[in-house]
Amino acid sequence: DEKKADEKKTDEKKTDEKKADDKKADVKKTDEKKTDEKKTDEKKTDEKKTDEKKADDKKADVKKTDEKKTDEKKTDEKKTDEKKADDKKADVKKTDEKKADEKKTDEKKTDEKKADDKKADVKKTDEKKTDEKKTDEKKTDEKKTDEKKTDEKKTDEKKADDKKADVKKTDEKKIDEKKTDEKKTDEKKTDEKKADDKKADVKKTDEKKADEKKT
């Protein structure tokens with residue numbers, strides 16, 4: 001009986017200790033739950049504040065953007081008006097300058113045309129004189145040539161009559177004279193070609209100077 005009474009007490013003691021431990025565990029769980037709920041509430045409160053701040057910031061940004069757009073629109077309108085005024089002034093100035101330039105250009109063209117006409121007249125006169133001079137020189141040369149041929153013919157006939165006996169010498173002399181004549185003719189042609197080339201060069205130079213002056 002005493003043993004059973006001791007075991008009963010021991011069991012009751014263990015049961016009381018277990019109840020005490022269970023109660024402590026329940027209190028701990030309850031405290032932890034309250035702590036978690038408090039944290040959850042604080043988190044929700046923070047999120048609400050964050051959302052409200054974002055909404056306020058967004059409203060403020062929208063307001064700033066609207067004010068900025070309004071200012072930019074006013075600035076753009078002012079710039080547009082100023083640009084239109086400047087463009088109008090520039091157009092008037094360009095028109096005046098264009099008219100002045102056109103007037104100067106017309107006057108310059110008129111002066112250049114007068115100068116060109118005068119040069120053309122002088123050139124025609126010079127060319128006419130040159131042609132007349134060439135014609136006269138050609139006639140003079142032809143006359144001299146004819147006279148020379150006539151003289152040579154008479155001389156040859158006289159020499160033939162005087163020197164029939166010396167046929168060989170006469171033939172050699174004629175050959176020499178022919179060579180001399182050909183040499184003179186070649187020299188004359190060379191001189192004439194040089195003169196013509198010089199005239200052509202002078203004409204080209206004059207035309208080039210006239211073209212450069214026009215340019």
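What share of the 215 residues of the chain counts as buried? The answer is 1%. This is a predicted model. Its secondary structure comes to two helices and zero strands. The radius of gyration is 65 Å, whereas a compact globule of 215 residues would have one near 17 Å.

**Overall shape and surface**

- The C-alpha trace spans about 210 × 60 × 10 Å along its principal axes.
- The accessible surface of the chain is about 20800 Å². Carbon and sulfur atoms account for 50% of that surface.
- Helix H1 covers residues 2-162, and helix H2 covers residues 167-214.
- Lys-54 gives a sense of the distances. This residue sits in helix H1. Lys-54 and Lys-183 are 129 residues apart in sequence. In space, their C-alpha atoms are 117 Å apart.
- Lys-54 has a relative accessible area of 55%, so this residue is exposed, the cut-off being over 50%.

**Largest pocket**

- The volume of the largest pocket is about 650 Å³.
- Its lining takes in 20 residues. Nearest the centre lie Lys-123, Asp-126, Glu-127, Lys-203 and Asp-206.
- Helix H1 and helix H2 are the elements that each give two or more residues to this lining.
- By class, the lining of the largest pocket holds 14 charged residues, five nonpolar and one polar.

**Second largest pocket**

- The second largest pocket holds about 390 Å³ of space.
- Among the residues that line it are Asp-141, Lys-144, Thr-145, Lys-148, Lys-149 and Glu-152. The lining also includes Asp-181, Lys-184, Thr-185, Lys-188, Lys-189 and Glu-192.
- For this pocket too, H1 and H2 are the elements that give two or more residues to the lining.
- The lining of the second largest pocket has ten charged residues and two polar ones. No nonpolar residue is part of this lining.

**Salt bridges**

- Side chains of opposite charge can pair when their charged atoms come close.
- How many salt bridges does a search of the whole structure find? The search finds eight. Three of them follow, one by one.

*Lys-53 and Asp-57*

- Lys-53 forms a salt bridge with Asp-57, and the closest N and O atoms are 3.0 Å apart.
- The two residues are four apart in helix H1, so about one helical turn separates Asp-57 from Lys-53.
- Lys-53 counts as exposed because its relative accessibility is 51%, and the cut-off is over 50%.
- Asp-57 has 35% relative accessibility, so this residue counts as partly exposed.

*Lys-83 and Asp-87*

- A salt bridge joins the side chains of Lys-83 and Asp-87, at 2.9 Å from N to O.
- Both residues belong to helix H1, and they are four residues apart, so the separation is about one helical turn.
- Lys-83 is exposed, at 52% relative accessibility.
- Asp-87 is partly exposed, at 34% relative accessibility.

*Lys-113 and Asp-117*

- Asp-117 pairs with Lys-113 in a salt bridge, with 3.2 Å between the closest N and O atoms.
- Here again the spacing is four residues in helix H1, so Asp-117 and Lys-113 are about one helical turn apart.
- Lys-113 is exposed, with a relative accessible area of 53%.
- Asp-117 has a relative accessible area of 37%, so this residue is partly exposed.

How values were computed:
Residues are numbered from 1 along each chain as its sequence is written. This is a predicted model: local features need pLDDT of at least 70, side-chain atom pairs count only at pLDDT 80 or more; totals for chains, interfaces and linings use all residues. Side-chain values use heavy atoms; hydrogens and water are left out. On a 1 Å grid over the protein atoms alone, a cavity is a set of points where a 1.4 Å probe fits but cannot get out, and a pocket is an open set with protein on both sides within 12 Å along at least five of seven lines; lining residues have an atom within 4 Å of a point. Grid points are joined across faces, edges and corners, and a volume is the space filled by probe spheres set on the points. Ala, Val, Leu, Ile, Met, Phe, Trp, Tyr, Cys and Pro count as nonpolar, Asp, Glu, Lys and Arg as charged, and the others, Gly among them, as polar. The radius of gyration is taken over C-alpha atoms; the globule rule is 2.2 Å times the number of residues to the power 0.38. Buried means under 20% relative accessible area, exposed over 50%, partly exposed in between (1.4 Å probe, protein chains only). Accessible areas come from the Shrake-Rupley method with a 1.4 Å probe; for residues, only the protein chains shown count as cover. A salt bridge is a side-chain nitrogen of Lys or Arg within 4 Å of a carboxyl oxygen of Asp or Glu.
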